[in-house]
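Welcome! Have a look at the picture, then try each task before reading on.

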Amino acid sequence: MSASSLDTFVSALDTQDVPCERTTRSSFVETLETHIRGPTVGVPLGDLGVELSETDVTVDPTPAQLKAAHTGVTPASFAIADYGSVVIPDSSDGAELVSLFVNRHVVVVEAEDIVPEMEAAFARFGEQFRTHLDSGIIATGPSATADMGDLVFGAHGPKEVHVIILEPTDE
């Protein structure tokens, strides 16, 4: 990850009105708590080196808890800087569902997992997806549609997206 990819990603998020916050692993829980609203569900963030166990996030939610949730917390496999997109992997713990069925999606990505553009993204996940027949969501900002007139947010997914970028070290 270059500094320019991180800057480009933050700038692209800004153009989509997607707030982002950069934090360290030691400050992660405090940072996350500022983004949680209402009942919150999530999936484990273990690969990122941070945990939800010290938060009010319900991990491994039931269908009823997912339906009642306002906020969902998921990891992103990586982010695509120039699109301001995050890639949510299809996973057995329900990351796709948690990212789509809530009003507010809080996504966590490591700074070093921000690739500059789509070509780099395909280079990163193309072989894995072809080999293992995996899938995932490339999410760019909140869900929105103008199919029936005025722009409406939250028609097919979250109305709000917040991105937490984990810095590589605690300085």
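**Exercise 1.** How many bridges join strand β1 to β12, and do the two run parallel or antiparallel?

Solution. This is a predicted model, where local features need pLDDT of at least 70, side-chain atom pairs count only at pLDDT 80 or more, and totals for chains, interfaces and linings use all residues. Residues are numbered from 1 along each chain as its sequence is written, and side-chain values use heavy atoms, leaving out hydrogens and water.
- Step 1: find strand β1 at residues 20-23; strands (E, at least two residues) and helices (H or I, at least four) are DSSP runs numbered from the N terminus.
- Step 2: count four bridges from β1 to β12, running parallel. Two strands pair if DSSP finds at least two bridges between them.

**Exercise 2.** Which sense of pairing links strand β7 and β12?

Solution. 
- Step 1: β7 (residues 104-110) pairs with β12 in the parallel sense, over seven bridges.
- Step 2: Val107 has Val163 of β12 as its bridge partner.
- Step 3: strand β12 (residues 160-166) is largely enclosed by the rest of the structure, because six of its seven residues are buried (under 20% relative accessible area, 1.4 Å probe, protein chains only).

**Exercise 3.** What is the strand order in the open sheet of four strands?

Solution. 
- Step 1: the order reads β8-β5-β6-β9, with mixed pairing.
- Step 2: β8 (114-115) and β9 (136-139) are the edge strands, each pairing on one side only.
- Step 3: β5 (residues 78-80) and β6 (residues 85-89) run antiparallel, joined by three bridges; Ala79 stands opposite Val86 in β6.

Key:
Buried < 20%, exposed > 50% of the residue type's maximum accessible area, 1.4 Å probe, protein only.
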